[in-house]
Amino acid sequence: MTLFLLGIVLLVVGYYTYGRVVEKILGPDNRETPAIACRDGVDYIVLPHWKNMLIQLLNIAGVGPVIGVILGIKFGPIVFLLIPIGNILGGAVHDFVSGMISMRNQGCNLPKQIQMTLGKTYYAFMTVFLCVILLLVVTVFINVPANLLVKLMPDANPSMLWGFIGLIFLYYILATLFPVDKIIGKIYPLFGAMLLIGTALLGGSLVWSYFQPGAVNFLSMTEEMKAIVPAQGPIVPCLFVTIACGILSGFHATQSPIVARTIISEHKAKAVFYGMMVLEGVIAMIWAAGGMAIYHLFPETLAMDPNTVLIRISEYFLGKNVGILAVVAVIVLAITTGDTALRSLRMSLAEVLHIGQTSLFSRLALCFPVILVLVGLLVWSNRDADSFKVLWNYFAWGNQVLAASTLWGCTVWLISQRKAFWITLFPALFMTFVVLSFIFWAPGGLKLPQGLNIPLIPAYALAGTVSLLMAIWAIWRGRKMLKKEQE
């Protein structure tokens with residue numbers, strides 16, 4: 001419990017200290033924001049500050065900080081420190097800087113940011129890669145809530161699954177096509193309340209149960225848990241790929257432009273971008289504690305799929321009826337990330353292809369082929385459990401490739417603006433090292449992203465060398481951009 005509470009304190013203190021350092025470096029001012037300068041009534045529109053914070057939180061806090069940490073806590077209590085430290089120094093900085101770049105450039109999406117900072121070749125690769133990742137995200141975040149809804153049904157059958165998949169997919173399409181204030185802006189306050197209440201109840205119940213007289217120390221490792229730690233792989237890189245959100249997520253950089261186009265003042269950016277990532281870290285900490293507790297109390301759950309474990313956590317600590325609220329909160333997390341992932345894909349494609357989005361017809365024309373691809377992915381991913389595992393593995397790995405690329409782009413931008421670039425340089429180095437060491441070390445096979453199966457120490461050496469070369473290249477590009485702007 002000490003590490004858990006210390007981690008929560010670190011997140012809160014980090015927001016008010018390091019968050020302030022990052023804000024001072026970025027220097028928000030009183031310039032016109034895209035919500036005012038580019039207002040179109042569809043994607044560019046001023047929304048209230050509290051609503052922007054809720055939308056950003058629900059956009060970024062998908063099932064990663066729940067499903068990811070339920071899997072990740074198997075590495076041990078060290079997770080309770082790695083989540084807040086990585087969040088404060090890496091994830092929240094990643095979200096804040098990429099969000100500010102978007103606001104300073106007419107609410108541009110991630111591909112445009114990559115083109116500005118890392119060049120046309122990287123932009124071409126990243127545009128294709130980003131589209132693939134967003135397609136995977138939408139597919140994952142249709143499947144997960146649909147499966148959870150089926151598990152809540154007393155008499156579940158396969159037809160129910162496809163019924164829920166169809167309803168969720170239909171909602172995603174509508175949320176993507178309509179102006180941001182018509183559907184997302186209307187229902188997110190309700191969804192946000194459900195999420196915050198469900199998570200707060202679980203956190204309160206965990207602390208209350210822990211300090212009851214005679215209670216066992218359920219936030220410690222059992223022998224059964226210790227025995228499976230080696231099977232999880234090395235903490236670096238495996239932990240940082242398993243926990244795809246909560247610590248650092250490249251997916252967030254695809255979501256920030258949605259809110260960057262609705263903020264009335266740059267002075268609100270810290271609370272929206274940095275603050276909501278910190279709050280996601282708190283959510284991840286609570287579900288990590290729930291995961292460790294249920295594994296400790298019921299060792300048989302170590303072999304269960306994370307969706308089932310999630311329901312066991314909720315029912316044990318909140319009771320069957322109230323526990324449903326916590327499960328519904330997780331379903332909300334997934335749905336409110338999947339809908340904006342599809343919206344982000346539409347916005348990114350429109351920006352790349354130079355297709356205006358003010359008319360409903362143009363939005364429909366752009367979304368139609370995307371919908372067909374998603375239908376194919378949904379059919380394939382639901383053939384069997386192995387298909388979904390493949391999908392999740394590639395999503396989690398690709399997400400961190402995206403994070404590393406975004407951080408390099410942020411580093412180049414900061415250098416070109418004569419700002420302290422170390423705030424993104426060090427996270428970029430670390431995440432590049434994580435991604436490359438995973439690729440070099442991971443065994444091949446369809447159930448993992450294809451790796452080279454190199455022994456761990458040589459894989460570390462190779463990853464470290466390439467990461468340093470990337471740092472030299474990024475600094476060179478940033479200085480080149482700065483020199484060009486000065487001419």
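## A network of salt bridges

In this predicted model, a network of salt bridges links Asp-29, Arg-31, Arg-104 and Glu-266. One of its pairs joins Glu-266 to Arg-104, with 2.7 Å between the closest N and O atoms.

The structure contains 10 salt bridges. Among them is the pair formed by Arg-261 and Glu-351, whose closest N and O atoms are 3.9 Å apart. This pair connects distant parts of the chain, with Arg-261 in the loop between helix 13 and helix 14 and Glu-351 in helix 15 (residues 306-353), at a separation of 90 residues. Arg-261 is buried, with a relative accessible area of 6%, while Glu-351 is partly exposed at 24% relative accessibility.

Another salt bridge is formed by Glu-300 and Arg-312, with the closest N and O atoms 3.7 Å apart. Glu-300 is placed in the loop between helix 14 and helix 15, and Arg-312 in helix 15; the two residues are 12 residues apart. Glu-300 is partly exposed, with a relative accessible area of 44%. Arg-312 is likewise partly exposed, and its relative accessible area is 27%.

Asp-95 is located in helix 6. Although Asp-95 is buried, it takes part in no salt bridge, and the nearest side chain of opposite charge, that of Lys-270, is 15 Å away. A salt bridge requires a side-chain nitrogen of Lys or Arg within 4 Å of a carboxyl oxygen of Asp or Glu.

The side chain of Asp-95 does have a polar contact of 2.8 Å with the side chain of His-94. When residues up to four places away in sequence are not counted, Asp-95 touches Ile-60, Ser-249, His-252, Ser-256, Phe-273 and Met-277.

## A nonpolar patch on the surface

Five residues, Leu-3, Leu-6, Leu-10, Ile-85 and Leu-89, form a nonpolar patch on the surface. Together they have about 370 Å² of accessible area. Helix 1 (2-16) and helix 6 (79-104) each contribute at least two residues to this patch, and helix 1 provides the largest share, with 3 residues.

Leu-6, one of the patch residues, has its place in helix 1. Its relative accessibility is 39%, so Leu-6 counts as partly exposed.

Gly-478 is part of helix 19 (residues 456-486). With a relative accessible area of 0%, Gly-478 is buried. Apart from its neighbours within four places in sequence, Gly-478 is in contact with Val-412, Ile-415 and Ser-416.

Phe-426 lies 52 residues from Gly-478 along the chain, and the C-alpha atoms of these two residues are separated by 15 Å.

Methods: Residues numbered from 1 in each chain as written. Predicted model: local features only at pLDDT ≥ 70, side-chain atom pairs only at ≥ 80, totals over all residues. Heavy atoms only, no water. Patch = residues over 30% accessible without salt bridge, like charges linked within 9 Å, V, L, I, M, F, W, Y side chains within 5 Å. Areas by Shrake-Rupley, 256 points an atom, 1.4 Å probe, with all protein chains shown as cover. Helix = DSSP H or I, 4+ residues; strand = E, 2+ residues; numbered from the N terminus. Buried < 20%, exposed > 50% of the residue type's maximum accessible area, 1.4 Å probe, protein only. Lys, Arg positive; Asp, Glu negative; His and termini not counted. Polar contact = N/O pair within 3.5 Å; in protein donor to acceptor, adjacent residues only side chain to side chain. Contact = heavy atoms within 4.5 Å.
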